[in-house]
Amino acid sequence: APDESTVTDLSGSTIKTDDTTITTLCQNAAIAIVKAASYDDGGDCSQPGEVIYYTFTVTNQGNVSLSNIVVDDPLLGGPITGPDSGDSDNDGILDITEAWVYTGSYTITQEDIDNGEVINQATATGVAPDESTVTDLSGSTITTDDTTITTLCHNAAIAIVKTASYDDGGDCSQPGEVIYYTFTVTNQGNVSLSNVTVTDPLLANISGPTGDTDGDGQLDVTETWIYTGSYTITQEDIDNGEVVNQATATGIAPDESTVTDLSGDTVTTDNPTTTILCTGSAIALIKTAIIDDVNGNGCGDVGENIQYSFSVKNTGNVELTNVIVTDPLVNVSGGPITLAAGIVDDISFTAVYTITQADIDAGLVQNQATAQGTDPEGNNVNDLSDDDSYLQNDPTITILCQNPSIYLEKTGIFMDENGDGASDVGETIEYSFTVTNTGNVTLYNITITDPLPGIQIFGGPIPVLLPEESDSTTFTATYAITQQDIDNLEVINQATVTGEDINGNIVTDDSDDPTDLTNSDNNGDGDPDDPTVVILPDVLDITTFEIYNGITPNGDGFNDYFWIEGIHNYPNNNVKIYNRWGVLVFETDSYGQGSDDSQNTFRGISEGRATVKKNEELPTGTYYYILTFPADNPGKSSYNGYLYINR
């Protein structure tokens with residue numbers, strides 16, 4: 001003031017106020033974060049443990065400094081330590097001219113690879129001078145807030161290795177034995193696989209897996225899963241000699257794509273699994289025989305049949321085809337057939353053999369058949385038959401009854417050489433012999449002996465005599481009667497026949513006189529053995545009725561028919577004639593009519609009774625007659641005896 005005093009005043013918005021003058025400045029706090037990722041899979045696709053490197057660049061996008069800067073990324077475990085660079089004045093304040101850089105890293109997991117990418121986003125936070133907080137989500141640029149996506153290499157792959165275990169027990173393969181399979185499934189890619197299945201068209205059921213260590217039902221790249229299965233082999237498999245099959249493993253990748261692999265013996269191969277089966281082909285044959293005993297005599301006779309049955313067994317373990325049975329003795333009916341392993345066929349093959357005399361002479365029929373078949377490899381297998389076992393090869397022997405037997409008939413006729421009707425010393429008896437083979441085997445070297453002193457036997461030996469064959473021509477004998485014979489008015493003697501079979505066994509028989517109905521059986525063979533009695537006449541005995549019991553129907557006019565002298569005087573008669581087996585061969589009424597008794601007579605011809613064919617000449621031998629008179633008769637109402645035919 002003029003007085004040199006000083007006056008002062010604080011400025012104010014009016015004369016009377018002393019308030020400060022405030023100029024308000026615009027404050028804009030803002031922050032930005034840019035996030036960049038760097039990842040290198042090394043060229044072999046992503047693997048767990050590989051690292052993604054992140055760079056976070058934080059800038060002050062406002063016009064005020066920011067303090068307490070925090071960069072947070074939840075994937076990296078929270079706030080990131082830093083900054084690594086950019087705080088140029090090192091005051092801890094993010095100036096508007098600064099760019100702070102943070103770094104971090106992340107180790108990828110299998111889950112990340114399964115997802116095919118790693119997605120994350122960071123947040124930058126700062127505090128403005130007015131204590132307000134500003135934030136920003138990271139982006140690829142300052143102005144964007146997009147998430148950071150790191151794509152991971154995705155490779156889905158699966159592999160299956162199949163192994164077989166089979167033990168045939170040392171006895172070659174048999175149906176019902178089991179092949180055990182192991183399937184080893186691995187993840188050959190870099191992503192987990194879900195819905196993993198193993199299928200095999202040969203196996204109905206496959207068990208598993210084992211090896212899911214974390215129990216999540218996913219085949220991780222570090223896991224090995226084991227499946228098991230079994231297969232029961234069949235006859236068809238054995239016939240093929242092997243079992244060939246292949247499995248398939250299937251899985252679903254995280255991107256829903258399907259991966260598959262055919263099984264092999266290694267991870268890198270896809271070859272089928274082949275299990276070799278032991279094969280062995282073999283056949284066996286049993287041949288049995290039954291005699292058709294038509295006549296029921298308990299023996300096999302000539303003309304009867306032996307029925308052969310064949311039981312063929314496939315004793316190997318493979319099917320046999322073109323199975324046949326052959327036999328050098330007979331023609332075998334049936335076949336060829338196919339025979340599965342272990343199967344027996346006892347109905348397809350049969351044979352019939354007709355017994356011959358040579359068989360009976362031998363006492364048996366012995367033979368052996370052969371069974372043959374073809375195995376799946378084209379090899380022939382065969383076996384000689386056995387009579388009761390598949391394991392042996394003995395011939396089939398059918399024993400035949402051998403009943404050697406011989407029968408001798410001896411008849412004698414007084415010859416009365418001087419014709420005086422009386423017997424004189426030196427006159428002869430002529431003997432006839434009929435030898436019959438009454439057995440069932442052929443006889444050889446047949447001879448006759450007679451102990452009567454002075455008898456002379458002519459002929460023989462008979463070299464061969466077949467069963468039921470008779471010989472009435474080979475042997476004859478002559479005997480000159482003595483005074484002692486005349487005194488006895490008869491000559492009684494008996495001959496013996498001897499023969500042998502093919503084995504040298506001797507058979508004999510004492511002779512029988514067919515005109516003697518006593519029928520004593522000296523040797524117990526069922527045939528009569530009556531000595532031959534020749535009556536020696538003292539004087540000529542003339543009768544008006546006489547039966548002559550020998551005929552020689554050869555047409556020479558002598559003894560051509562069965563003569564019953566005087567029978568024409570008794571026309572009401574009946575004559576029956578039987579052979580030695582009791583078969584009626586002739587029958588008639590009013591036998592022997594005409595003045596010479598020659599009409600309606602028996603001349604050695606069959607009249608067709610029973611089994612004897614009509615109009616056939618009856619063979620040499622002894623027959624039996626029965627003559628009956630219902631009314632008038634020459635002394636008796638019936639006569640019977642033996643009649644001898646000599647051709």
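In which strand does Val533 lie? The legends below, which describe close-up views of a predicted model, begin with this residue.

**View 1. Val533 and a nonpolar patch on the surface.** Val533 belongs to strand S39, which covers residues 532-535. Its relative accessible area is 31%, and Val533 is therefore classed as partly exposed, the range between 20% and 50%. Together with Ile492 and Ile535, Val533 forms a nonpolar patch on the surface. The accessible area of Ile492, Val533 and Ile535 together is about 250 Å².

**View 2. The disulfide of Cys45 and Cys153.** A search of the whole structure finds three disulfides, and one of them joins Cys45 to Cys153, with an S to S distance of 1.7 Å. The link of Cys45 and Cys153 is left-handed, with -95° about the S-S bond. Cys45 is found in the loop between strand S1 (31-39) and strand S2 (51-60), while Cys153 is found in the loop between strand S9 (148-151) and strand S10 (158-166), so the pair ties together parts that are 108 residues apart in sequence. Cys45 counts as buried because its relative accessibility, 10%, is under 20%. Cys153, at 29% relative accessibility, counts as partly exposed.

**View 3. The disulfide of Cys172 and Cys278.** The sulfur atoms of Cys172 and Cys278 are 1.9 Å apart. This link of Cys172 and Cys278 is left-handed, with -90° about the S-S bond. The pair links distant parts of the chain, 106 residues apart: Cys172 is in the loop between S10 and strand S11 (178-187), and Cys278 is in the loop between strand S18 (273-276) and strand S19 (283-291). Cys172 has 14% relative accessibility and counts as buried, whereas Cys278, at 28%, counts as partly exposed.

**View 4. The disulfide of Cys299 and Cys401.** In this disulfide, the sulfur atoms of Cys299 and Cys401 are 2.1 Å apart. The torsion about their S-S bond is about -85°, so the disulfide is left-handed. Cys299 occupies the loop between S19 and strand S20 (305-314), and Cys401 the loop between strand S28 (396-399) and strand S29 (406-414); the pair therefore ties together parts that are 102 residues apart in sequence. Cys299 is buried, with a relative accessible area of 12%, but Cys401 counts as partly exposed at 23% relative accessibility. When the bonded cysteines of the protein chain are numbered in sequence order, the pairing reads 1-2, 3-4, 5-6.

**View 5. Phe310 in the largest nonpolar core.** In soluble globular proteins, nonpolar side chains tend to be buried together. The largest nonpolar core of this model has 49 residues, of which Phe310, Val312, Val325, Tyr431 and Val435 touch the most other members. Leaving aside residues up to four places away in sequence, the contacts of Phe310 include Leu285, Ile286, Val325, Val332, Phe349, Ala351 and Ala369. Phe310 also touches Lys287, Asp327, Asp345, Asp346 and Thr350.

Definitions and conventions. Residues are numbered from 1 along each chain as its sequence is written. This is a predicted model: local features need pLDDT of at least 70, side-chain atom pairs count only at pLDDT 80 or more; totals for chains, interfaces and linings use all residues. Side-chain values use heavy atoms; hydrogens and water are left out. Patches are made of residues with over 30% relative accessible area and no salt bridge: like charges are joined within 9 Å, nonpolar side chains (Val, Leu, Ile, Met, Phe, Trp, Tyr) within 5 Å. Accessible areas come from the Shrake-Rupley method with a 1.4 Å probe; for residues, only the protein chains shown count as cover. A salt bridge is a side-chain nitrogen of Lys or Arg within 4 Å of a carboxyl oxygen of Asp or Glu. Helices (H or I, at least four residues) and strands (E, at least two) are DSSP runs, numbered from the N terminus. Buried means under 20% relative accessible area, exposed over 50%, partly exposed in between (1.4 Å probe, protein chains only). A disulfide is a pair of cysteine sulfur atoms within 2.5 Å. A nonpolar core is a set of buried Ala, Val, Leu, Ile, Met, Phe, Trp, Tyr and Cys residues joined through side-chain atoms within 4.5 Å. Contact means heavy atoms within 4.5 Å.
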